[in-house]
Amino acid sequence: METKTIAVLAGDGVGPEVMHEAVRVANAVVERFKRSTRFVEGLVGGSAFEEYGEHLPPTTLDLCKRSDAILFGSVGGPLHQAHLPKWQGCEANSILALRRNFALAANIRPARVYQQLLAGCPLKNEIVSEGIDLVIIRELLGDVYFGEKSTWSEGGRRYARDVGAYSEDQVAVVARVAFETARKRRGKVTSVDKANVMQTSKLWREVVRETHRDYADVILEDMLVDNCALQLVRNPGQFDVIVTSNLFGDILSDLAAALPGSLGLTPSASLNDERFGLFEPSGGSAPDIAGRGIANPIAQILSVAMMFRFSFDWVDEADALERAVEGALKDGYRTADIFVADGEKVSTAEMADRIIERLG
Ligand code: IPM
Ligand code: MG
């Protein structure tokens, strides 16, 4: 039997405690389905900085290179400590370097409002009653994130520049991921750009349309990014798969992550073309609630399900895990972030227990 090696980078804040539960749940799935995995821990973020003086030390990078997937927690520290070297550039140094090192071009961020958690959604009931189930596919290696950057002074004034560029191949790669994803869902892709203003967006739109020729069974629409932000709030039920560039995707995916009502619910995947990936919760390290056993482990647990599905092709395992999470929610178990009066309040570990019991 093939053993999958998983690099476990728990990071800072609530990262270690939700990761602990996610690994426990993952092991329970692996046991039930008679699979074989090996979880190997590495330091990242502030905790790596304390030990090695850098946020992504070479030993951690090597560990990732020797693994079949990266399970990532979260990095970053509390606001009042932001001035400490330990936290400066922490997120960008950890996460951008991993994206670049492993050519993780496609970022998949689902946003789903569970029927049983409708009350937690910040939108009005009449807007969400039909349910929300969309996924944002964000390009991760182009745009202003990795373009040339500079700052300079001229005539006593300060200037700065970030170059945002795209090649047609970069666009085509994520467009394909979007069409393939839509095929397994409701068959609709909304490509989001700013083609009324930007050259990169004009190229984006052209290449997405050309790529669409291989996916005639999928409906494609274009939408300008400002309108998309508005539509996500006014009528999010219209969306199935949204595909967009790096910076627009960063902003829209945070907007979408607000819809389920808690950042503790939403996982994400970043994949390269060999389906190697990094899997992490959408939320941050939440240092304000760290160490108290109250953080919601669901986003980290669902990140495990995405890893099973996308990197290992373990579809039954992923389905079972997602069903178990839904079952625990249906049966009223709630961590503090999603607690409502008629639910039963549980700790981080108890939520994981309730999910394990429902693995069937
Ligand atoms: C994200 C984050 C990162 C990004 C930051 C931490 C560099 O906001 O994953 O969305 O902008 O991509
Ligand atoms: Mg972001």
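Contacts between residues 24 or more positions apart make up 74% of the protein's contacts with a separation of 6 or more. The model is predicted, and the protein in it contains 12 helices and 14 strands. The points below are grouped by topic.

**Overall dimensions**

- Along the principal axes, a box of roughly 60 × 50 × 45 Å is filled by the C-alpha atoms of the protein.

**Burial, surface and charge**

- Buried residues account for 53% of the 360 residues in the protein.
- The protein has an accessible surface of about 16300 Å², and carbon and sulfur atoms contribute 49% of this area.

**Helix α6**

- Helix α6 spans residues 168–183, a total of 16 residues.
- From its first C-alpha to its last, helix α6 reaches 22 Å, close to the 22 Å expected at 1.5 Å a residue.
- Which residues of α6 are buried? They are Val171, Ala172, Val174, Ala175, Ala178, Phe179, Thr181 and Ala182.
- The cover over the buried residues of α6 includes the strands β4 (106–113), β5 (132–139), β8 (188–193), β9 (219–224) and β10 (241–244).
- Helix α7 (199–212) is also included in the cover over these buried residues of α6.

**Residues with positive phi**

- Most residues other than glycine have a negative phi.
- Asp143 is not a glycine, yet its phi is positive, at about 70°.
- Asp143 lies in the loop between β5 and β6 (149–154).
- Is Asp143 buried or exposed? Asp143 has a relative accessible area of 10% and is therefore buried, since the cut-off for burial is under 20%.
- Arg275 likewise is not a glycine and has a positive phi, of about 65°.
- The loop that holds Arg275 runs between β11 (267–271) and β12 (277–281).
- Arg275 counts as partly exposed because its relative accessibility is 37%, which falls between the limits of 20% and 50%.

Key:
Residues numbered from 1 in each chain as written. Chains lettered and ligands numbered in written order. Predicted model: local features only at pLDDT ≥ 70, side-chain atom pairs only at ≥ 80, totals over all residues. Heavy atoms only, no water. Helix = DSSP H or I, 4+ residues; strand = E, 2+ residues; numbered from the N terminus. Buried < 20%, exposed > 50% of the residue type's maximum accessible area, 1.4 Å probe, protein only. Contact = heavy atoms within 4.5 Å. Areas by Shrake-Rupley, 256 points an atom, 1.4 Å probe, with all protein chains shown as cover. Expected span 1.5 Å × (residues − 1).
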